[in-house]
Amino acid sequence: MQRSPSLHARLLVAASIVLAAFLGLTGLALDGAFRDSVQTAIHDQLRIQLHGLVGDAVLGEDGSISVPPDELPDPRLSQPESGLIALILDSTGESSWASASMLGVVLPGVDSLEPNERRFATPEDPSGFFRQELGVGFESESGRLARKLTFVVGQDRGSYDRQIQSFRRSLWFWLTGAALVLLLVQALILHWGLRPIRRAADEVRRVEAGTLEELGGGYPRELRGLTGNINTFIRNEKRHLERYRHTLGDLAHSLKTPLAVIRGMVDGDSGVNEQVDRMNGIVENQLRRAATRGQTTMMAPVELETVARKVIDSVAKVYADDNGRCEV
């Protein structure tokens, strides 16, 4: 028969699965929330820098656009490979101005926008850029639209990925530590909570072995009905066995007296005496067998091997001259 896992093991495994699922979902939710917050922060930063770039841009009399280096909204725009870039496109999508940080950088999929049209782009590949784009229309002194330009400010994804990886390492480190601590606490709680059940099982085994008469008290309310019924069963079994033994004893006495009377009445008749002795032996033998069959498992065990060896030693001494041999 396949051995079933213990109740403690079942509860611990079930609690561990629930805890792992809960912490896993919590980790995924926190990871998603942090990613969204980082993207929102990048979006806000780029929007501020974009508005600063638009405010610092100067439209020349010939229609050219430029941004004075000393008026750039962020010093990183003057540093190549700084991770922060700025670009101004004309209505045809051609570059009209680019920051020094654009050196060696290619932005695919950047199109010109209509005035007041805004777009935020999220990179798909690790080498891409988060981009904030805004369409701006410059008017002439007469109020007519002189030129349509698209301002683009971008930040590489590297800093975003580094923040996410750092957060994930910290998050899963602390979640794993919390999971181990909670598992240990759960194991201790289950060990403490299931102690009455282990105690009841141990006392039942001791009752079956005959070293304990009945289950003790002090059990929780949920187990009192069970332990009380077990004790009632044990007491009824003992009373039944005692009544059975008394009945057998009374039967033995009631049979021995008539046999003794018969023996006295036929004194001298060896044939009748022989039959009376035979009947007496049969009665005693059947009574012993009945008493033996009346035993229950809730009694102290007998070391049969020890008793058998004592009997063999005694027989061997008494019948030493008969060359008999006994084996256990």
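This dialogue works through several features of a predicted model.

User: How many salt bridges does a search of the whole structure find?

Analyst: Side chains of opposite charge can pair when their charged atoms come close. In this predicted model, the search finds 13 salt bridges. One of them joins Asp 31 to Arg 35, with 3.1 Å between the closest N and O atoms.

User: Which residues are linked with Asp 31 in a network of salt bridges?

Analyst: The network consists of Asp 31, Arg 35 and Arg 168.

User: Which residue forms a salt bridge with Arg 119, and where in the chain do the two lie?

Analyst: The partner of Arg 119 is Glu 133, and their closest N and O atoms are 2.6 Å apart. This pair links distant parts of the chain, since Arg 119 belongs to strand β5 (residues 118-121) and Glu 133 to strand β6 (residues 129-139), 14 residues away. Arg 119 is partly exposed, with 29% relative accessibility, while Glu 133 is buried at 0%. Glu 133 also meets Arg 131 in a salt bridge, at 2.8 Å from N to O.

User: Which residues of the largest nonpolar core touch the most other members?

Analyst: A core is read through its contacts and the elements that supply it. The largest nonpolar core has 23 residues, of which Leu 53, Ile 65, Val 67, Ile 88, Trp 97 and Phe 151 touch the most other members. Two or more residues each come from α1, β3 (84-89), β6, β7 (145-156) and α2. The largest share, five residues, is that of α1.

User: With which residues is Ile 88 in contact, leaving aside its neighbours within four places in sequence?

Analyst: Ile 88 is in contact with Ile 65, Val 67, Glu 94, Ser 95, Ser 96, Trp 97, Leu 149, Thr 150 and Phe 151.

User: What span should helix α2 have at 1.5 Å a residue, and which of its residues are buried?

Analyst: The expected span is set beside the distance between the end C-alpha atoms. For the 37 residues of helix α2 (residues 157-193), the expectation is 54 Å, and the ends are 52 Å apart, which agrees. Its buried residues include Arg 157, Tyr 160, Ile 164, Leu 171 and Leu 190.

User: How far does helix α4 reach, and which of its residues are buried?

Analyst: Helix α4 (residues 221-265) has 45 residues and reaches 67 Å from first to last C-alpha, close to the expected 66 Å. Among its buried residues are Leu 223, Asn 231, Ile 234, Leu 248 and Leu 259.

User: Which residues make the nonpolar surface patch of about 680 Å²?

Analyst: The patch is made by Val 302, Leu 304, Val 307, Val 311, Val 315, Val 318 and Tyr 319. Val 311 lies in helix α6 (residues 304-318) and is partly exposed, with a relative accessible area of 45%.

Technical notes
Residues are numbered from 1 along each chain as its sequence is written. This is a predicted model: local features need pLDDT of at least 70, side-chain atom pairs count only at pLDDT 80 or more; totals for chains, interfaces and linings use all residues. Side-chain values use heavy atoms; hydrogens and water are left out. A salt bridge is a side-chain nitrogen of Lys or Arg within 4 Å of a carboxyl oxygen of Asp or Glu. Helices (H or I, at least four residues) and strands (E, at least two) are DSSP runs, numbered from the N terminus. Buried means under 20% relative accessible area, exposed over 50%, partly exposed in between (1.4 Å probe, protein chains only). Patches are made of residues with over 30% relative accessible area and no salt bridge: like charges are joined within 9 Å, nonpolar side chains (Val, Leu, Ile, Met, Phe, Trp, Tyr) within 5 Å. Accessible areas come from the Shrake-Rupley method with a 1.4 Å probe; for residues, only the protein chains shown count as cover. The expected span of a helix is 1.5 Å times one less than its number of residues. A nonpolar core is a set of buried Ala, Val, Leu, Ile, Met, Phe, Trp, Tyr and Cys residues joined through side-chain atoms within 4.5 Å. Contact means heavy atoms within 4.5 Å.
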